[in-house]
Amino acid sequence: MEKWNTGLHLKTKKEVMQSQPIQIQKGIFQGDSILPLLFCIALNPLKNKLNRVDCGYQIHRTKRKISHLLYMDDLNLLGRSEDNLQNKTKIVKAIRKDINMNFLS
């Protein structure tokens with residue numbers, strides 16, 4: 001990965017501008033189909049713990065609450081108060097340590 005880089009190209013009516021090479025420093029190799037699966041498996045404990053928390057937005061006419069949205073490498077925590085969000089943030093931090101993964105905010 002140390003030799004990976006990319007660039008940006010901007011095409012206008014008059015010209016095409018190109019950036020200097022941009023070094024890629026970290027990430028997940030997208031060509032391997034097993035890595036996204038392993039990533040999702042690693043996040044299952046976090047998803048399960050957040051599902052058990054009894055706070056979030058209640059779905060209309062049901063008892064079900066949505067406490068988070070998780071899609072691949074995006075996690076959005078939902079809460080009705082600052083305390084709800086702080087509680088969920090503590091859960092994320094604890095699980096993060098357990099699975100040895102860094103999350104960026």
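Which residues does Ile 99 touch, not counting residues up to four places away in sequence? In this model, Ile 99 touches Ala 42 and Leu 43, where contact means heavy atoms within 4.5 Å.

Before I continue, a word on the source. The model is predicted, so local features need pLDDT of at least 70 and side-chain atom pairs count only at pLDDT 80 or more, while totals for chains, interfaces and linings use all residues. Residues are numbered from 1 along each chain as its sequence is written, and side-chain values use heavy atoms, with hydrogens and water left out.

Ile 99 lies in helix 2, residues 82–99. Helices here are DSSP runs of H or I with at least four residues, strands are runs of E with at least two, and both are numbered from the N terminus. Ile 99 has a relative accessible area of 25%, and is partly exposed because that term covers values between buried, under 20%, and exposed, over 50%, with a 1.4 Å probe and protein chains only. Its C-alpha is 8.2 Å from that of Leu 43, although 56 residues separate Ile 99 and Leu 43 in sequence.

Let us turn to helix 1. Its buried residues are Phe 39, Leu 43, Leu 46 and Leu 50. These buried residues pack against strand 7 (68–71), strand 8 (74–77) and helix 2.

Finally, the two strands. Strand 7 and strand 8 run antiparallel and are joined by four bridges; strands pair if DSSP finds at least two bridges between them. Tyr 71 stands opposite Asp 74 in strand 8. The hairpin of these strands has two residues between them, and Met 72 there takes a positive phi near 50°.
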